[in-house]
Amino acid sequence: MYKFEVPDMTCGHCASTVEKAIRMADPNASAKVDLDSKTVSVETKIASEVISASIADAGYTPSLSK
Ligand SMILES: [Cu+2]
């Protein structure tokens, strides 16, 4: 599981855009956004870079948190 910090994700609309971007990269991914901490947890089998790039394409600034 990956956890990304997405500081520019501020509302429910952002959350659903980010979730959609993640599912575009991996239709089988499950994503859980936490708006309070501005993070998204992603359960996926594909590389974090691919997920990250897709979130970035949607207009957000993800960083992988360790
Ligand atoms: Cu928003």
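## A loop residue to start with

Asn28 counts as exposed because it has 9 C-beta neighbours inside 10 Å. You will find Asn28 in the loop between α1 (12–25) and β2 (30–34). Thr44 is 16 residues away along the chain, and the C-alpha atoms of Asn28 and Thr44 are separated by 7.0 Å.

Before going further, please keep in mind that this is a predicted model, in which local features need pLDDT of at least 70 and side-chain atom pairs count only at pLDDT 80 or more, while totals for chains, interfaces and linings use all residues. Residue numbers start from 1 along each chain as its sequence is written.

## The overall layout

The protein has two helices and four strands. These are DSSP runs numbered from the N terminus: helices are H or I with at least four residues, and strands are E with at least two. Reading from the N terminus, the order is β-α-β-β-α-β. With a radius of gyration of 10 Å, close to the 11 Å that the globule rule gives for 66 residues, the protein is as compact as a globular protein of that length. That radius is taken over C-alpha atoms, and the rule is 2.2 Å times the number of residues to the power 0.38.

Along the principal axes, the C-alpha trace spans about 25 × 25 × 15 Å. Of the 66 residues, 23% count as buried. Two residues are in contact if their C-beta atoms, placed from the backbone, lie within 7 Å. Among contacts between residues at least 6 apart in sequence, 64% join residues at least 24 apart.

## The sheet

The four strands form an open sheet in the order β2-β3-β1-β4, with antiparallel pairing. The edges belong to β2 and β4, each with a single partner strand, so one side of each is left without a neighbour in the sheet. Two strands are said to pair if DSSP finds at least two bridges between them. Strands of a sheet pair through backbone hydrogen bonds, either parallel or antiparallel.

The antiparallel strands β2 and β3 are joined by five bridges, and Val33 stands opposite Val40 in β3. In the loop between β2 and β3 sits Lys38, which has a positive phi of about 55 degrees although it is not a glycine. Lys38 is partly exposed, with 16 other C-beta atoms within 10 Å.

Helix α1 has 14 residues and reaches 20 Å from its first C-alpha to its last, close to the 20 Å expected at 1.5 Å a residue; the expected span is 1.5 Å times one less than the number of residues. Val18, Ala21 and Ile22 are buried in α1. They cover an arc of only 100 degrees around the axis, which puts them on the same side of α1; the arc is that of the directions from the helix axis to the C-beta atoms. The face turned away from the buried side of α1 carries the exposed residues Gly12, His13 and Ser16. The cover over the buried residues of α1 includes β2, β3 and α2.

In α2 (residues 48–57), the buried residues are Ile51, Ser52, Ser54 and Ile55. Seen down the axis of α2, they fall within an arc of 160 degrees, so they line one face of the helix. Glu49 and Asp57 are exposed on the other side of α2. Covering the buried residues of α2 are elements including β1 (2–5), α1, β3 (39–43) and β4 (63–64). After α2 comes Gly59, whose phi is positive, near 105 degrees.

## The nonpolar core

A nonpolar core is a set of buried Ala, Val, Leu, Ile, Met, Phe, Trp, Tyr and Cys residues joined through C-beta atoms within 7 Å. The largest one here has 12 residues: Phe4, Val6, Met9, Val18, Ala21, Ile22, Ala31, Val33, Val40, Val42, Ile51 and Ile55. The elements giving two or more residues to this core are α1, β2, β3 and α2, and the largest share, three residues, comes from α1.

Val6, in the loop between β1 and α1, counts as buried because it has 24 C-beta neighbours inside 10 Å. Leaving aside neighbours within four places in sequence, the contacts of Val6 include Val18, Lys38, Val40, Ile55 and Tyr60. With neighbours within four places again set aside, Ala31 is in contact with Glu19, Ile22, Val40 and Val42.

Terms used:
A residue is buried if 20 or more other C-beta atoms lie within 10 Å of its own, exposed if 12 or fewer, and partly exposed in between; C-beta atoms are placed from the backbone.
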